[in-house]
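Please read the points below alongside the sequence and the coordinates.

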Amino acid sequence: MLSPLLDSLDPSIFDLRTNSPGPAGSLPLTEKLLLESPSGDLFGMSQNAGMGWDPSQLLRKQFLILGTQGGIRGEDGRPIALGYHTGHWEIGLLMRAAAEQLDKLERLPFAAFVSDPCDGRTQGTLGMMDSLPYRNDAATVFRRLIRSLPLRSGLIGVATCDKGLPAMMLALASNGNLPGVLVPGGVTLPPAKGEDAGKIQSIGARFAHGEMTLEEAADAGCHACASPGGGCQFLGTAATSQVVAEALGMTLPHAALAPSGQPIWLDMARRSAAAVVQLEEAGIRMKDILTPGALQNALVVHAACGGSTNLILHLPAIAYAAGLTRPTSADWSRINRQVPRIVDVLPNGPVGHPTVQLFLAGGVPEVMLHLRRLGLLDLSVRTVTGKTLGENLDWWEKSERRSRLRQTLTDRDGIDPDNVIMSPEAARGRGLTSTVTFPVGNLAPEGSVIKSTAIDPSVVDADGVYRKLGPARVFTSEREATAAIKGRPGAKPIQPGDVIVLICRGPMGTGMEEIYQITSALKFLKFGKQVAVITDARFSGVSTGACIGHVSPEALAGGPVGKVRDGDLIQIIVDRNNLTGSIDFVGSSEQRLTPEEGAKALAARSPASDLKPDPDLPADTRLWALLQQVSGGTWGGCVYDVDRIDEVIRAGLKALESK
């Protein structure tokens with residue numbers, strides 16, 4: 001029946017107007033404005049009045065609030081259209097609070113939105129091929145929006161999750177001549193009883209192995225996201241990005257990881273709006289905040305908290321956007337050797353507290369108090385308070401906020417805050433090890449990454465070294481590897497002791513997908529800790545276990561990892577104390593080779609004939625892979641170095657013309 005589609009049965013649709021009297025009042029124009037202002041400035045005032053703002057206030061200084069809001073939320077919080085994830089569901093409330101505060105301060109607020117995807121939602125799907133490239137896309141649009149408001153005097157960025165928040169940080173960093181403040185969107189609460197949002201992503205694998213019932217999976221899945229807004233409850237990429245933003249000085253003190261939707265969270269947005277106004281009045285710009293010292297502090301805090309390895313992709317990009325020297329793997333390794341991990345939070349453990357408890361224990365400022373005592377921070381850097389980091393920490397140490405929130409953690413949850421954020425001595429006594437190791441070897445001559453602190457302690461030798469020797473199980477598809485882990489019909493099951501080698505999943509193959517579907521299954525399956533993973537893909541920030549990613553060169557770039565065959569003997573050594581490691585092909589069960597002999601054997605092999613990008617790789621993701629490859633690749637932060645891209649294109653065109 002087509003008639004209801006072709007026309008409406010509602011007679012009120014014909015009650016319409018063809019003109020309107022327009023807003024009351026008149027624009028506050030002057031002769032100078034009319035003679036000297038661009039027509040865009042003048043027409044902008046007309047539009048501002050047309051949208052309903054009091055015309056007499058249109059000469060206020062303009063401030064732009066950028067956000068990653070997703071979905072359509074009713075005034076009562078009821079979903080009218082769902083967002084992609086809880087992280088961007090309540091962002092609009094923070095933006096509204098900031099805008100109302102700007103109005104009270106007699107500034108003219110503008111708002112614009114660029115929503116973001118959810119890595120959890122796209123795990124194991126084609127959507128994951130857009131995840132990492134999306135960060136650059138969103139940052140580009142944010143920058144275009146900033147430039148498209150010509151009279152903006154300052155910026156507020158409101159974001160929460162894995163790609164939206166790094167994109168926002170890139171946009172603010174790129175606009176170093178403007179004052180700016182970042183407002184982290186906070187975290188969701190864990191269920192009173194049940195599983196967190198990291199563990200819940202393994203229900204399919206656990207059900208396949210009979211480790212949970214259908215009813216248990218359905219119940220746990222329903223309760224995992226226990227409040228409607230905020231990033232996940234673990235220190236994955238989303239939460240780590242919030243922590244790093246605060247460590248860079250881009251947020252107010254104790255802004256990262258606030259519980260979404262609660263008064264303390266909204267209060268932070270209002271104070272952030274006041275902060276950006278003060279920065280503008282004082283002439284303090286983002287480039288005064290993002291300095292080499294601030295970048296060093298971010299690396300130090302990342303190590304102390306045990307943050308996501310995905311920040312190895314994002315922090316260099318933020319540094320590049322700010323005009324700073326990008327940190328290298330040598331910098332990360334040096335910092336992780338110097339800095340003790342002192343935070344017990346999901347997913348690292350040993351206990352694994354949710355992020356809201358890290359917030360109540362004191363969050364980033366509390367971690368920094370310990371780091372200050374060790375002399376690991378640059379206390380002279382300026383922050384968005386307008387004060388130095390040292391001045392901020394002096395306030396925090398004596399603040400009522402600190403004492404009351406830490407006491408709240410004890411009273412509400414029965415947890416000693418000093419068991420969440422520990423002294424270096426206490427952390428060492430409980431076996432906490434530093435965060436990241438960069439294994440090399442004949443399978444990764446340009447390096448690789450493992451969150452070595454998250455290897456199951458039961459498979460680490462007494463001297464703190466993880467040693468594994470096992471047969472390779474080679475896959476070029478995450479779907480095939482997952483089927484083998486689940487023991488699905490037609491798939492040769494993964495066995496304890498195997499080394500999964502997943503290739504062609506780096507930037508050139510899939511846009512460098514995240515393979516948490518694999519790592520989460522291994523973490524929560526009984527035999528999973530006996531299995532290692534080597535891949536040219538990347539991992540979710542919540543991934544744990546003997547999982548080595550970012551293997552370089554990737555298989556499709558001619559990397560030796562692309563020459564591994566089923567049954568090859570793989571040797572993995574990760575020293576969690578000295579933060580050194582190696583991944584090597586060492587022959588077969590019939591013939592053992594040294595790593596050096598293995599390198600020669602690999603060099604003599606031809607790559608497998610079936611190595612190719614995923615057939616569903618989107619053309620725009622392939623373009624991203626090519627552009628970032630010539631700009632420094634993954635170790636350079638997957639940025640677009642326009643000068644380098646221009647150089648390569650010109651050289652290529654010249655070479656083609658000479659043929």
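This is a predicted model: local features need pLDDT of at least 70, side-chain atom pairs count only at pLDDT 80 or more; totals for chains, interfaces and linings use all residues.

A residue is called buried here when its relative accessible area is under 20%. By that criterion, seven of the eight residues of strand β5 are buried, so β5 is largely enclosed by the rest of the structure.

- Four strands make up an open sheet with parallel pairing, in the order β4-β1-β5-β6.
- Its edges are β4 (108–113) and β6 (180–184), each of which pairs on one side only.
- On average, and ignoring direction, neighbouring strands of this sheet are turned by 20 degrees against each other.
- Strands of a sheet pair through backbone hydrogen bonds, in either a parallel or an antiparallel manner.

**Strand pairings**

- Strand β1 (residues 62–67) runs parallel to β4 and is joined to it by six bridges.
- β1 also pairs with β5 in the parallel sense, again over six bridges.
- Gly 67 takes part in both pairings: its bridge partner in β4 is Phe 113, and its bridge partner in β5 is Val 158.
- Between β5 and β6 the pairing is parallel and comprises five bridges.
- Ile 156 stands opposite Val 181 of β6.

**Helices on the sheet**

- Which strands does helix α7 touch? Helix α7 (residues 131–147) packs on the sheet through β1, β4 and β5 (152–159), and its direction makes about 165 degrees with that of β1.
- Helix α12 (residues 263–282) likewise packs on the sheet, where it touches β1, β5 and β6; its direction makes about 170 degrees with that of β6.

**Nonpolar cores**

- The largest nonpolar core contains 116 residues, and those with the most contacts inside it are Ile 156, Met 169, Leu 248, Leu 315 and Leu 371.
- Helix α14 (residues 292–305) supplies the largest share of this core, with nine residues.
- Leu 315, beyond its neighbours within four places in sequence, contacts Val 244, Leu 248, Leu 295, Ala 298, Leu 299 and Trp 332.
- Another core, of 28 residues, lies apart from the largest one; among its members are Ile 455, Ala 472, Val 499 and Val 501.

**Helix α16**

- In helix α16 (residues 329–338), the buried residues are Trp 332, Ser 333, Ile 335 and Asn 336.
- These residues span an arc of only 165 degrees around the axis, and therefore lie on the same side of α16.
- An α-helix has 3.6 residues a turn, so residues three or four places apart point the same way.
- The buried residues of α16 pack against α14 and α15 (311–321).

**Cysteines**

- How many disulfides does the structure hold? There are zero disulfides.
- A disulfide would require two cysteine sulfur atoms within 2.5 Å.
- For Cys 118, the closest cysteine sulfur is that of Cys 232, at 6.4 Å, which is too far for a bond.
- Is Cys 118 buried or exposed? Its relative accessibility is 19%, so Cys 118 counts as buried.
- For Cys 161, the closest cysteine sulfur also belongs to Cys 232, at 6.4 Å and too far for a bond.
- Cys 161 has a relative accessible area of 9% and is therefore buried.

Methods
Residues are numbered from 1 along each chain as its sequence is written. Side-chain values use heavy atoms; hydrogens and water are left out. Two strands pair if DSSP finds at least two bridges between them. Helices (H or I, at least four residues) and strands (E, at least two) are DSSP runs, numbered from the N terminus. Axes are lines fitted to C-alpha atoms, for helices over the stretch in contact, and angles run from 0 to 180 degrees between N-to-C directions. Contact means heavy atoms within 4.5 Å. A nonpolar core is a set of buried Ala, Val, Leu, Ile, Met, Phe, Trp, Tyr and Cys residues joined through side-chain atoms within 4.5 Å. Buried means under 20% relative accessible area, exposed over 50%, partly exposed in between (1.4 Å probe, protein chains only). The arc is that of the directions from the helix axis to the C-beta atoms.
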